[in-house]
Amino acid sequence: MAFEPENELLQDFLIEAGELLDALDSQLVGLEQAPNDKELLNAIFRAFHTIKGGAGFLEVTPLVEVCHRAEDIFNLLRNGELTVTPAIMDVMLRVLDALNSMFASLRRGVLPPSVGAPFLHEIELLSHSQKAGQAPAQTVLAAEPAPVAPSPQVAPLVHSVVVETTRSPTGSSELPVIKQAPIDTQFDTLLQALEAAEAAQTALAPELSTSSDLITDEEFEALLDRLHGKGQFQAPGHNAPEPVLQGASGTHSSVRDESAPAGHDDITDEEFERVLDSLYGKGQGPTAAVKPAAPAALTPPAPKAVPPALSKPVEPAPAIEAAKVETTVRVDTERLDFIMNLVGELVLVRNRMNTLKLSFNNEEVTQVIATLDMVTSDLQGAVMKTRMQPVKKVFGRFPRVVRDTARMLGKEVELVLVGEETDLDKNLVEALADPLVHLVRNSVDHGIEMPDVRLAQGKPAQGTVTLSAAQEGDHIRLSISDDGAGMNAELLRRKSVEKGLLTEEAAARLNEQECFELILLPGFSTKDAISDISGRGVGMDVVKTAITRLSGLINIDSAPGVGTTINIKVPLTLAILPTLMVVVSERKYAIPLGIVSEIFEMADKEINIVDGQATIIVRDRALPLYRLNHWLALTGEPMTGRGLNDLVVMVQVGAQLIALVVDSVIGQEEVVIKPLGELLHNVGGFAGATITGDGHIALILDLPGLMRRNIQPRQKPKLKVVA
Amino acid sequence: MSQSAYLINNQNSLDDMGLEQGPAVISRWVTFTVADETYALNVLDVQEVLRAAEITPIPGAHPAVRGIINLRGNVVTILDARVFFALPEKPFDDDSRIMVAELRSGEVAGIVVDSVAEVIALDEAVVNAAKRTGGDEGSAHILGVVPQTEKGSDKLIILVDLKGLSELGEK
């Protein structure tokens, strides 16, 4: 099997199984909270099973062997033969990590390595872990079918590989376990050996399950495995008491007979789907939604198509699905981006029309333009909505993050998620994931105290971290708050001086809010010891950079003993940016509106020079004042001084407010960001360009970048707040 | 049915194209002048030639960057051939043109030249020979030099390849 990225089957698998993996993350953590949730157990079991099925089809053996074992454990769990323990959960979460890294390598087109026999064995051992406590009746059964595995059919085929049969507490046989990771050439032989062993085992199954009319999960399992595996065997009908299953296996073997002469051992996607569907019922098969269309296009219809007559017996089971017509379509994000780009163009044309309509002075034209304006706005909104994803997609990973971090630190933390359904631009969802993980980890590590400390302070032993999202106009506010120790402004001041980030006087001048924002500085850490989780003093700086890149704002609020809240404000979408158009040296520039806090005339303000830096006082607050025309001067352009009509735009850059002098302000304009070409990549200070309503180009300023470029580092600009 | 017909047609047109690449391989080049020297860019590399457009300067960019223009809704970086070939600067005039070319990175960029002259045909063998002699000039973007045969003059045409242009340092 080729693993090149253009393999469509592989891509489909990666997308669908990837979604299952994402869901598993929160499902597993959820299971820990509700260990008896049958629904959840079934869902997890199905997820592992589906991934295994797909991986088996693509012959990704390392995935199969892990999923298979995890599936076994969950099978026992959902049958009540095992109970959920932290030990099991730990192993299962590690399984998930292993699967995630395998997926990562599959995405790169590399066959992932096996997790190794020790880990596989560890998973198997879980099934024995609670055996002692099981009902006595089962011990009788356990002894009985022992000689099955080393049956004569198997032995000659196996060569050096040890096949061992583990027993589940019910006494019915589980699949043989391969102790050594098989090398490629041996794998086929092994598969056949497994097949033979299973065939022998399933023959025993009816006796074992006589106590119940229903098919046991083991039998079900065995059946499934054989359906997925090689087709050399004849399905023994008596194994499958349920008519649906019989139908399925019957169909399958007939199909196999047909395709066998073609020399093809692999089952087609279609067949695979059909079998899975018949087993699960279409409604539950997680892949059912999109799959049917894809394979139809892929598989050449002539030789392999299942004759209609044969597919009939499969249908009766899921009668409901017919009604469930698929209402969603999976669209390549590239296509969405393209549409978004086109809509952006339309918005620009609309802007131009709006400018032009004044010169027409014709009521009819004005009306038409007004309609165009409205339709364009609606279209823009609608297209934007298609790019929206619920923030849940990011939040989904946090239960796990909190759990792992808390467990590692020996803390008790509850995570409360609020506003998971808030929609956010897809790109933002992705871009926010890492910064949020960082902040949540910080909350657990730095914020929440150890249980005994909390109790001593009269707080409940379990800390709470609340992660919430809400839309506020054209912005999304995300906040991470904890009820932990809070931050001590005095301590932060002292640390910043100790680390040489700030002079003592400068530190003393900071107000409380500004002290909290010190933690956003690179190299700042309050932890004396560096832990695995945090404390290196790089994290918050990275978070701040990431948020700033999204033209977002971050602010911190904290009270000692009560807790800390970190608020992040990001625009709803990155594609269209509300800006403030200003004129500097007769050229237009766009400043992202999100960071503009105030505009005022310079004439009536007093300007002082403090330590060589022009400073303006606004409502008793001194802000550093910079002339944008100095920053944006072309070579040889004269640097003008104070103009009479100059305006000052107050903007928030990182944690700091600065005042910028501009020649004039045109007003607010929604612009479409056009990235600058690669030739200009290393020119700092511009987030891109845009085409204005009158067809000209305006550069969009990236103020943090401009500041970096224009202010000497020794001045430590970010701290140049003079109170 | 219709699909297979299309495929056959397509096949034919592929054959047609194959015929063009017969024994006498010629390539077409657009010549342009910068400071009285004649240069040429392969036609296949040139997307279009523009008359003077409004160029928005980029403060802080490399001196060779004249700025950016709005090319039907796309932002295109414009370089100045004179700065590029280390020649004295000259303001835009009626003959000035912007030649727009696609770079290997997929980015589209323009270059300001004094004037654009014509399209000439060159024997691929001559071009290849020129390529072998060039390259030691210190400029990575000059392919080589060929004699200007058609007009009977003794001037040379400098063959230029802009596809390899990449990030320019800050000023």
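**Note on salt bridges and the A–B interface**

1. A:Arg454 and A:Asp483 form a salt bridge, with 3.0 Å between the closest N and O atoms (a side-chain nitrogen of Lys or Arg within 4 Å of a carboxyl oxygen of Asp or Glu). A:Arg454 sits in helix 20 (residues 451-456) of chain A, and A:Asp483 in the loop between strand 7 (475-482) and helix 21 (489-498), 29 residues apart; helices (H or I, at least four residues) and strands (E, at least two) are DSSP runs, numbered from the N terminus. A:Arg454 is buried at 0% relative accessible area, whereas A:Asp483 is partly exposed at 22% (buried is under 20%, exposed over 50%, partly exposed in between; 1.4 Å probe, protein chains only).

2. This is a predicted model: local features need pLDDT of at least 70, side-chain atom pairs count only at pLDDT 80 or more, and totals for chains, interfaces and linings use all residues. Residues are numbered from 1 along each chain as its sequence is written, chains are lettered from A and ligands numbered from 1 in the order in which they are written, and side-chain values use heavy atoms, without hydrogens and water.

3. A:Arg69 and A:Glu124 meet in a salt bridge at 2.6 Å, N to O. A:Arg69 belongs to helix 3 (residues 61-78) and A:Glu124 to helix 5 (residues 117-129) of chain A, so the pair ties together parts 55 residues apart in sequence. Both residues are buried.

4. Between chain A and chain B the count is 0 salt bridges. The contact (heavy atoms within 4.5 Å) takes 26 residues from chain A and 27 residues from chain B.
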